[in-house]
Amino acid sequence: MDRSDLIKNIQDFLDLLGFHGEHFKDTPRRIADYWEDRFKLLAENETKLQTGIFLSQDDLVVLANIEINGICSHHLQPFWGKAYVSYISTGKMLGLSKLARIVKKHAAMPTVQEKITFSVAADVKALAETPHVAVITEALHSCVWLRGVHSKSPAIVSTMLGYFREREHVRREFMELIAPYRTKT
Ligand SMILES: [Zn+2]
């Protein structure tokens, strides 16, 4: 990414919309910084995913309340909420921070919530080498809240794989474990 090109293009964007004045003076630089930070977030979480896989029994592991701070690829507007990730180990265990990093990695670049949800499930499935993975995300989208239908409704997306899809008692155990942490909006 060429930073000066980026700044110039953001300046053109502001000029085209007729946004100018004191408080727009540094906006192109600030937006460039913002995106540089996002790329750092992606790189950092990708690197730290390379290590920290342990052996374990067939436990059900849950990490609740993982922060999602995403940007929608349709409007480049923020969305934010929580992810709840679970898997049943078949011998490999991921460090708990890995689950959070997987979410952060997939939310770093502009994307859609549905894609975060199934990409996190796919990564956990691959890294922990287990077919049994559950991911629920819930998020408020500023593009839904502040434009269009102006609705402050959370979007909830769920991916259930393996036992979480096939066995009702496994799915129920997961839902009961995360229930106290689900956000009430
Ligand atoms: Zn959007």
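Two strands are taken to pair if DSSP finds at least two bridges between them. Helices (H or I, at least four residues) and strands (E, at least two) are DSSP runs, numbered from the N terminus. By these terms, strand β2 (residues 60–71) is joined to β3 by 10 bridges, and the two run antiparallel. The model is a predicted one: local features need pLDDT of at least 70, side-chain atom pairs count only at pLDDT 80 or more, and totals for chains, interfaces and linings use all residues. Residue numbers start from 1 along each chain as its sequence is written.

The protein has seven helices and six strands. Along the sequence their order is α-α-β-β-β-β-α-α-β-α-β-α-α. Taken along the principal axes, the C-alpha atoms fill a box of roughly 60 × 40 × 20 Å. A residue is called buried if 20 or more other C-beta atoms lie within 10 Å of its own, exposed if 12 or fewer, and partly exposed in between, with C-beta atoms placed from the backbone. Of the 185 residues in the protein, 25% are buried. Two residues are in contact if their C-beta atoms, placed from the backbone, lie within 7 Å. Among contacts with a separation of 6 or more, 70% link residues 24 or more positions apart.

The protein is divided into domain 1 (3–47) and domain 2 (53–181). These bounds come from an automatic or database domain assignment. The centres of the two domains, taken over C-alpha atoms, are separated by 29 Å. Five residues of domain 1 are in contact with five residues of domain 2. On the side of domain 1 that touches domain 2, two residues are nonpolar, one is polar and two are charged. Here Ala, Val, Leu, Ile, Met, Phe, Trp, Tyr, Cys and Pro count as nonpolar, Asp, Glu, Lys and Arg as charged, and the others, Gly among them, as polar.

Helix α1 covers residues 3–17. The expected span of a helix is 1.5 Å times one less than its number of residues. For the 15 residues of α1 this gives 21 Å, and the end C-alpha atoms are 21 Å apart, which agrees. Gly18 follows α1 and has a positive phi, near 75 degrees.

Strand β3 (residues 78–88) is mostly covered, with eight of its 11 residues buried. Asn69 stands opposite Trp80 in β3. The two strands form a hairpin with six residues between them. Leu76 is found in this loop between β2 and β3. Its phi is near 55 degrees, a positive value in a residue other than glycine. Leu76 has 9 other C-beta atoms within 10 Å and is therefore exposed.

Strand β3 also pairs with strand β5 (residues 133–141). Nine bridges join these two strands, which run antiparallel. Val85 has Val135 as its bridge partner in β5.

Helix α4 (residues 113–128) has 16 residues. From its first C-alpha to its last it reaches 22 Å, close to the 22 Å expected at 1.5 Å a residue. Its buried residues are Gln113, Ile116, Thr117, Val120, Ala121, Asp123, Val124 and Ala128. They lie on the same side of α4 because they cover an arc of only 165 degrees around the axis. The arc is that of the directions from the helix axis to the C-beta atoms. On the other side of α4, Glu114 and Ala126 are exposed. The buried residues of α4 pack against β2, β3, β4 (92–94), α3 (96–108), β5 and β6 (155–160).

Ala122 also has its place in helix α4. This residue counts as partly exposed because it has 16 C-beta neighbours inside 10 Å. Ala122 and Val135 are 13 residues apart along the chain, and their C-alpha atoms are separated by 9.8 Å. Val135 is the residue of β5 that bridges to Val85.

Glu129 follows α4 and lies in the loop between α4 and β5. Its phi is near 50 degrees, a positive value in a residue other than glycine. With 14 other C-beta atoms within 10 Å, Glu129 is partly exposed.
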